[in-house]
Number of protein chains: 2
Amino acid sequence: MRIAVDAMGGDYGSVPLVQGSLQALKERDFTLVLVGDEQVIKPLIPANLQSKVEIVHCNDFIAMEESATSALKRKESSIYIAMEMLKNKAIDGVVSAGHSGATMSLATLKIGRLNNVLRPAICTLMPRIDGNKSLVLDAGANVDCKPENLFEFGIMGYEYARAILNYPKVRIGLLANGEEECKGNEMTKVAFELLKKHPNFIGNVEGNNIFDSNVEVIVCDGFVGNAVLKASEGVANSISFLLKKHIKASPIGIFGALFMKNVFKKLKKQIDYAEYGGAPLLGVNGNVIICHGKSNAKAMKNAVFQAILAYENAVNHNIEVALEKFKN
Amino acid sequence: MRIAVDAMGGDYGSVPLVQGSLQALKERDFTLVLVGDEQVIKPLIPANLQSKVEIVHCNDFIAMEESATSALKRKESSIYIAMEMLKNKAIDGVVSAGHSGATMSLATLKIGRLNNVLRPAICTLMPRIDGNKSLVLDAGANVDCKPENLFEFGIMGYEYARAILNYPKVRIGLLANGEEECKGNEMTKVAFELLKKHPNFIGNVEGNNIFDSNVEVIVCDGFVGNAVLKASEGVANSISFLLKKHIKASPIGIFGALFMKNVFKKLKKQIDYAEYGGAPLLGVNGNVIICHGKSNAKAMKNAVFQAILAYENAVNHNIEVALEKFKN
């Protein structure tokens, strides 16, 4: 098994990307392929791990502020080379914390879609109160969707959750403005009818259900998904900001907070995206994990594990089989 | 000035609805018209306030689980009677914590729309980190929108914010999947062009901007708005749940939390919807405030103040003037 990590383009440079990948290598047996500037990467690899690491050198990478379309022409860039290798089956998965638009465009162009998939989707893992995760897709790859796309998102999310996450049961919900079947917009009402084909479809769910452990896979278009995820992140950050502000403003609060350190640590661990790794790009004919640009080493390690699990559990094969069954 | 409160149909019965309204009466000079079951309401009114309160008796009200359309026929229900009074100019505003769908349907049917308004919108107030509020509209009245509707939401939200909330400047943002002008879906991209007509339009904003004090009025369709608001509520509730759980599980945490009481209280005050009152239904030819079914007395008091301020500041007149200007 060969997993490639785009060692360039993250917000914090190559160090956390490489360190996280090496941590994964200590816990699982695979070949790590690091794509990026050899001069930067090589000094980061300890002697005892060198036999398990391959470096594919390149000079270029796509910076965050560049356009995703320009990535299609940058043949010497780290993500271009990684996708080319995935296309040629030289590797079994790609993890990138670089420009996510570039990663998506290149994945779709280079490796194409799975059979019966019209639109790939970004599948984001969200924390929920039982300590497990829920999946929200699409998180931003497709801002204008047709009902058929949402149906596919449901199937893909289900197959991913079933293979990668340890749920006793995976339930699919359709994000709407109310739980009743009559709720939804024109598009989701048609998607509702399509999703009924799946035995694990539980109907409409609402924004708060993402976190309450009553549904595992939440289906929506990428415009809605993106807005919901960014708002959720905004609420969590705002609460954290206000809590710190109010603590600092009160000597008694500062004293009390000293004893709450472990409580805050546990809470942070439970809602921190670093614990979740990256978001798989489901529906492309390869194994691609898109990480937050601000990913730390821990997030990268977990993302590499996601790539390994997706490969080992043949998620893409299962998606094709399921879509073949439901579409025909 | 005569403000009516639907004294029936909230999740906790008439008591908090009446108590909150009476609290408003102690702070501001107006006539309070309570619409509901006289036998329930009358005992709640102290002798010294009776001269400022009128009771309009009715036997019926729309329960939360009933359909909004059935409300149109229930002529003896509290919200029907209140809307009839608003239509006949017997009152200057209506506040209701009852069935919001029924309130919306009746408002649109009975009192109609303002000139140049195609679709009324629910305008929700959200907490932000500077202690002020931002407005999100539409929060759920219109699940399928055209660009023209979003343009109107922007104008209506701006006029409401300008009149009711004390901002030095009111900025209008369009909710999208990125801040760049090229972001958005087919519908919001056209709305972007329309909103450019307004000098206070600052372009696309993202879900997290609702809370970060960089924009005052956030425009979106009611499907997206509803999902975003419910997800935000879900995150806040989940964090509160997890925090309590982790505190309870740790004796040191319990000890620390004792000293944090004031900090938590301040935080709660800042993010609690009770502090915000209700959501105005903007675009109807009357002054209607829709409250959360779970509104406590404080939320009701603040909602009554909102109705008073909207009336005093002639928000509806200003909306008509602005739309006339921008549409012609």
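1. A crossing of two helices is called left-handed if the near helix is turned anticlockwise from the far one by less than a right angle, and right-handed if clockwise. In the predicted model above, the crossing of helix 5 of chain B and helix 11 of chain B is right-handed, with helices (H or I, at least four residues) and strands (E, at least two) taken as DSSP runs numbered from the N terminus.

2. The model is predicted, so that local features need pLDDT of at least 70 and side-chain atom pairs count only at pLDDT 80 or more, whereas totals for chains, interfaces and linings use all residues. Residues are numbered from 1 along each chain as its sequence is written, chains are lettered from A and ligands numbered from 1 in the order in which they are written, and side-chain values use heavy atoms, with hydrogens and water left out.

3. The axes of helix 5 (residues 147-164) and helix 11 (residues 315-327), both of chain B, come within 9 Å and cross at roughly 135°, where axes are lines fitted to C-alpha atoms, for helices over the stretch in contact, and angles run from 0 to 180 degrees between N-to-C directions. Helix 5 of chain B is therefore oblique to helix 11 of chain B, given that angles under 35 degrees count as roughly parallel, over 145 as roughly antiparallel, 65 to 115 as roughly perpendicular and the rest as oblique.

4. Between the two chains, the axes of helix 8 (residues 251-259) of chain A and helix 8 (residues 251-259) of chain B come within 7 Å and cross at roughly 170°, and the two helices are therefore roughly antiparallel to each other. In this contact (heavy atoms within 4.5 Å), A:I252, A:G253, A:F255, A:G256 and A:F259 meet B:I252, B:G253, B:F255, B:G256 and B:F259.

5. Chain A holds an open sheet of eleven strands in the order 3-2-1-4-11-10-5-6-9-7-8, with mixed pairing; two strands pair if DSSP finds at least two bridges between them. Strand 3 (53-57) and strand 8 (201-205) of chain A stand at the edges, each with a single partner strand, so one side of each is left without a neighbour in the sheet. Strand 2 (residues 31-36) of chain A pairs with strand 3 of chain A in the parallel sense over five bridges, and A:V33 stands opposite A:E54 in strand 3.

6. The domain assignment, which is automatic or from a database, gives chain A a domain 1 (1-117 + 283-315) and a domain 2 (124-275). The centres of these two domains of chain A, taken over C-alpha atoms, are separated by 26 Å.
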